[in-house]
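Please look through the structure below before reading on.

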Amino acid sequence: MDTKKHSKMAWLWENMKGYRVIYAIGILGTIVYNVMQLTVPYFTQQIVDLFLTGEDAATNIVTKRDLFFQLVIAMVGFTFLRTLIVYLVCMDVEHVSQKVLYRVRTHLFDKIERQDMQFYNTYRTGDLMTRVTGDLDAVRHMIAWVIRSIVESFSLLVATAAYFIYMDWRLALAILAIAPFIMIVIVLFRNQVAPRHKELREKLSLLNTAAQENISGNRVVKAFAREEYEINKFDKCSIEFSKTNKKTALTWITFFPYIETFANLMPIVLLVVGGLFIINGQLTMGEYVAFSGLIWAVQNPMRMLGNIMNEFQRFSAASDKVMEIYYSEPKIVDKEDAVDMPNRFAGKVEFKNVSFQYEDGNLPVLHNISFVANPGETVAIMGETGCGKTSMIQLIPRFYEPTEGEVLVDGVNVCDMKLGQLRKNIGLATQDVLLYSDTIDGNIAYGDSSLTKEEVEKFAKYSAAAKFITRMPEGYDTIVGERGVGLSGGQKQRISLARALAVKPAILILDDTTSAVDMETEKQIQHSLKELDFPCTKLIIAQRISTTKFADKILIIQDGRITESGTHDELVAKKGYYYNLVQLQTGETMEGGEA
Ligand code: DGT
Ligand code: MG
């Protein structure tokens with residue numbers, strides 16, 4: 001994530017590809033309409049000198065009547081034309097800014113979507129949301145407003161300065177001598193406000209994260225009756241944000257009087273110096289009127305600079321965040337010489353001396369794991385909570401890479417495969433089930449949208465979900481809420497199983513997928529898993545002996561190591577961990593409790 005290498009403006013320019021010409025036209029238009037502002041005082045000056053205060057004013061108004069009207073019409077005409085150009089320029093830059101916004105946002109989402117697991121462990125959802133919304137808006141604002149305002153102020157200032165110098169360079173210099181002082185104030189302001197904007201952006205991200213985590217975790221909040229606590233927590237974030245906002249605004253307010261004082265000095269200089277020049281006959285009244293009619297054109301850009309600087313710093317802080325994601329690269333990607341595998345895998349899974357440690361963890365979670373699951377076999381994985389089962393199966397779709405050793409599928413190291421090919425062959429039902437707010441049908445067909453209704457129903461039957469789905473008011477068209485709200489834990493697990501089966505995977509991985517379903521339903525699922533109408537290797541993490549009993553192989557994991565492996569009978573005969581588990585669970589069953 002090397003943001004440093006790319007300058008912000010170069011990055012912006014890069015993303016304006018295809019719109020650069022029309023943007024340049026907009027900028028040119030900005031210059032034109034600002035220079036055009038000078039026409040009004042020019043015409044005014046002519047009118048004043050010729051028809052109002054000049055020596056021949058009285059005769060001129062009779063003899064040069066036509067010129068008078070021409071000047072007035074030109075003045076009105078230019079004003080209209082100018083308004084039209086301003087309108088077109090605004091449309092133009094708005095158009096470009098929206099196009100660029102769309103482009104960057106799509107790119108950003110694409111980047112986020114393709115990241116690996118580690119990325120999601122690092123970034124919080126609320127922060128990522130801030131990047132694709134608020135931060136991006138600051139980028140849009142840069143194109144639509146900040147750049148245009150810089151050009152506007154600059155062109156107005158330069159044109160006016162040139163016109164002033166043309167009229168009377170001594171008076172012009174006297175007025176413009178104040179500008180450098182304003183510049184100094186602006187630089188001091190920038191140094192103070194830049195860190196404020198960085199801080200403000202962080203506070204906004206914290207605020208969004210607090211809101212997001214709270215809303216998605218609302219059930220826990222309710223369960224623990226922690227509403228007050230959470231409201232207070234959010235309130236704190238909100239106060240922090242508002243305080244920082246105030247601090248940022250205050251920074252401007254501290255500098256504003258200096259700029260305002262300097263800017264207001266300009267008309268005073270004009271009055272004093274200009275007055276003296278008129279008295280001495282070095283300046284006509286018309287010229288004085290032109291100067292005074294245009295003095296705002298020097299003052300305003302100076303006043304605007306603070307505002308522009310403020311917005312520029314906001315862009316600067318936001319674009320850092322956006323560019324960090326924009327240039328981020330997932331570590332787990334296809335190798336250039338990735339092996340091209342057949343579309344459908346045979347389904348052999350092999351771990352060879354695999355050890356693994358999370359990048360953000362300080363201890364290895366898997367040690368020297370070796371086993372083979374042959375095509376079509378069922379391998380059960382058992383072990384107490386936290387022993388590393390989920391971590392182990394996450395290495396198969398290459399969500400993470402082993403720190404040592406190799407994970408092979410069909411004899412090829414998964415790290416040498418194309419990710420897309422590998423993952424298309426794996427059906428995974430994760431431990432914490434996440435369903436989309438979509439219909440049940442849509443959720444089951446998530447991995448293969450070409451699935452027919454009949455097929456969806458078939459997979460629902462396999463996962464023993466058909467019955468409860470048909471009982472729902474709208475059957476397969478029932479919309480399940482966000483994260484599957486409205487379904488029971490066991491129902492969600494069964495839909496998740498149907499979704500994993502629906503891709504007809506060569507390798508099916510079930511991570512505790514039947515933990516929340518009753519024994520009877522589980523039996524049905526076991527039965528259908530045996531009867532699947534496509535060949536499939538199954539890796540099943542489970543806690544119940546009833547689930548694992550008929551597996552071709554059972555692996556017992558303890559503290560990240562395989563301590564026992566074999567069939568049910570072999571492991572029972574071994575009288576080790578598994579044997580104790582059997583004792584414990586069958587004993588409980590006999591007493592009538594569920595294992
Ligand atoms: P379970 O699902 O409760 O039966 O437990 P397992 O066996 O699935 O455990 P697993 O693989 O989720 O976790 C093994 C160890 O790894 C445990 O000490 C927690 C740690 N761990 C899990 N996920 C992460 C992670 O994303 N980052 C870090 N640093 N550690 C993790
Ligand atoms: Mg687990």
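**Cysteines, sheet and helix**

Cys536 is buried, at a relative accessible area of 4%; buried means under 20% relative accessible area, exposed over 50% and partly exposed in between, with a 1.4 Å probe and protein chains only. Cys387, at 3%, is buried as well. No disulfide (a pair of cysteine sulfur atoms within 2.5 Å) turns up in a search of the whole structure.

This is a predicted model, in which local features need pLDDT of at least 70 and side-chain atom pairs count only at pLDDT 80 or more, while totals for chains, interfaces and linings use all residues. Side-chain values use heavy atoms, without hydrogens and water, residues are numbered from 1 along each chain as its sequence is written, and chains are lettered from A and ligands numbered from 1 in the order in which they are written.

Six strands form an open sheet with mixed pairing, in the order S6-S7-S8-S3-S9-S10. Helices (H or I, at least four residues) and strands (E, at least two) are DSSP runs, numbered from the N terminus; two strands pair if DSSP finds at least two bridges between them. At the edges, S6 (426-429) and S10 (561-566) each pair on one side only. Strands S3 (residues 378-382) and S9 (residues 553-558) run parallel and are joined by four bridges. Met382 stands opposite Ile556 in S9.

Helix H17 packs on the sheet, touching S6 and S7 (507-511); contact means heavy atoms within 4.5 Å. Arg499 lies in H17 (residues 489-501). Beyond its neighbours within four places in sequence, Arg499 contacts residues including Leu434, Tyr436 and Tyr446.

Definitions and conventions: Axes are lines fitted to C-alpha atoms, for helices over the stretch in contact, and angles run from 0 to 180 degrees between N-to-C directions.
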